[in-house]
Amino acid sequence: MPLVTRVTDLIGRTPLFELARTATGTRLLLKLETFNPTGTAKIRMAREMVLDAERRGLLGVGGHIIESTSGNTGLGLAVVAAERGYRFTAVVDHHACKDKLRAMRAMGANLVYVADEGDDSLATSAREDLAEAMAAAEDGAYFTEQHNNDANAVGYHAVADELLADVERVDILLSAVGTGGSLFGTATRLRQLGHVPYVVGVEPEGSIAFGGEGGPYWQSGTGTPPGATIGTAVDYSLLDEGVKVTDTDAFATARAVAAKLGLLIGGSAGGSVHAALVRLEQFPPGSTVVTLVCDGGEKYLDTVFDDTWMAERDLLDPAAEQSVGAMLDSWSPALAGANLVEAR
């Protein structure tokens, strides 16, 4: 890693971690975006949205960036705004992880809430409406509108370049869909490079992007809640399959991965990993399956990894954690390597 002078110069070149390997040689690899500044993939698209706005003359010197965020996009925008001399206002709700909100404020962001203290419901539509109205009312303000900003997906093109620098091919690309930028931006660039993976989108049970009436859910920063508009970054033309994962299974997976491996991943990443693990043996033998781990579990110590918080919401399921743990044990890459040596 070269010496750098800006935090955003540290974006990218994140590692791949082999989580599981079946007897047929199929591997589940995690692209650990937690190694980016702010511990999340979304700083990639935050930077690209701001650079795109500058190129198009939508942000000038001393401008004001406004965004509706559940946390991770706001963290990225806070860094970029600080570096480039902009003010940043994050329109948020109390459903967001408290540590994300604290970190945004620490980096100079102004937080505007759309709900009263104690109301921890997800308020995506209200946030976006307020952010748009605030930007329209102020000269020099720009609403980055992550769900409908083409630069969002472009910000993830480098993920595909990095993947193909580390592995020969990506057969299955499976990841959470919030704005859609990370999954579909990566898939788009892979196609441009001559690789056409089977693309599986994962959303919480209760999200509406892949159909259904929807309902409440606790997985943060992912999915499309009822009443919200599915953004343009969700590119159905690239989607081969959309699946839903319950909060219970997503969080049980995150907790099992932490307990078994000492690797803290976020709740929505737990959903993606769960979707990959339960069908890993169904993929063609020798497949390379990649899941984007968009943030780490350190931000969820008071929620996903807190037994009291989980139990109060009827999300704690030791049996589900044990089931995931058993899969991790049986498909341990270290064990697979040892078996291969013995077979020889």
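Modeller: Let us begin with contact, which means heavy atoms within 4.5 Å. Not counting residues up to four places away in sequence, A96 touches S70 and L101. Before going further, note that this is a predicted model, in which local features need pLDDT of at least 70, side-chain atom pairs count only at pLDDT 80 or more, and totals for chains, interfaces and linings use all residues. Residues are numbered from 1 along each chain as its sequence is written, and side-chain values use heavy atoms, with hydrogens and water left out.

Biologist: Is A96 buried or exposed?

Modeller: The terms rest on relative accessible area: buried means under 20%, exposed over 50%, and partly exposed in between, with a 1.4 Å probe and protein chains only. A96 has 5% relative accessibility and therefore counts as buried.

Biologist: Where in the chain is A96 found?

Modeller: Helices (H or I, at least four residues) and strands (E, at least two) are DSSP runs, numbered from the N terminus. A96 is found in the loop between β4 (87-92) and α3 (98-106). For a distance along and across the chain, take A96 and Y236: they are 140 residues apart along the chain, and their C-alpha atoms are separated by 27 Å.

Biologist: How many helices and strands does the protein chain have?

Modeller: The protein chain has 12 helices and 10 strands. Of its 344 residues, 56% count as buried. Along the principal axes, the C-alpha trace spans about 70 × 45 × 40 Å.

Biologist: What does the radius of gyration of the protein chain say?

Modeller: The radius of gyration is taken over C-alpha atoms, and the globule rule is 2.2 Å times the number of residues to the power 0.38. A compact globule of 344 residues would have a value near 20 Å, and the protein chain has 20 Å, which agrees.

Biologist: How is the surface of the protein chain described?

Modeller: Accessible areas come from the Shrake-Rupley method with a 1.4 Å probe; for residues, only the protein chains shown count as cover. The accessible surface of the protein chain comes to about 14100 Å², and 51% of that belongs to carbon and sulfur atoms.

Biologist: Which residues of helix α9 are buried?

Modeller: Helix α9 (residues 267-277) is mostly covered, with 11 of its 11 residues buried. Among them are S268 and H274. S268 has a relative accessible area of 10% and is therefore buried. Leaving aside neighbours within four places in sequence, S268 is in contact with A176, Q219, S220 and T222. H274 counts as buried because its relative accessibility is 13%. Not counting residues up to four places away in sequence, H274 touches V245, D249, T253 and V324. H274 and V245 are 29 residues apart in sequence, yet 7.8 Å apart in space, C-alpha to C-alpha.

Biologist: How many aromatic pairs does the structure hold?

Modeller: Rings of Phe, Tyr and Trp (its six-membered ring) pair if their centres lie within 6.5 Å; planes under 30 degrees apart count as stacked, over 60 as edge-to-face and the rest as tilted. The structure holds 2 aromatic pairs. The rings of W218 and W309 have centres 5.4 Å apart and planes at 80 degrees, so this pair is edge-to-face. The pair links distant parts of the chain, 91 residues apart: W218 is in the loop between β8 (198-204) and β9 (241-245), and W309 is in helix α10. W218 counts as partly exposed because its relative accessibility is 25%, whereas W309 is buried, with a relative accessible area of 13%.

Biologist: What kind of pair do F251 and W309 form?

Modeller: F251 and W309 form a tilted pair, 6.5 Å centre to centre and 55 degrees between the planes. F251 lies in helix α8 (residues 247-261) and W309 in helix α10, so the pair ties together parts 58 residues apart in sequence. W218, F251 and W309 form one aromatic cluster.

Biologist: Which value does phi take in E145?

Modeller: Phi of E145 is near 45 degrees, a positive value in a residue other than glycine. E145 lies in the loop between β6 (141-143) and α5 (150-154). D314, which is not a glycine, has a positive phi of about 60 degrees. D314 counts as exposed because its relative accessibility is 67%.
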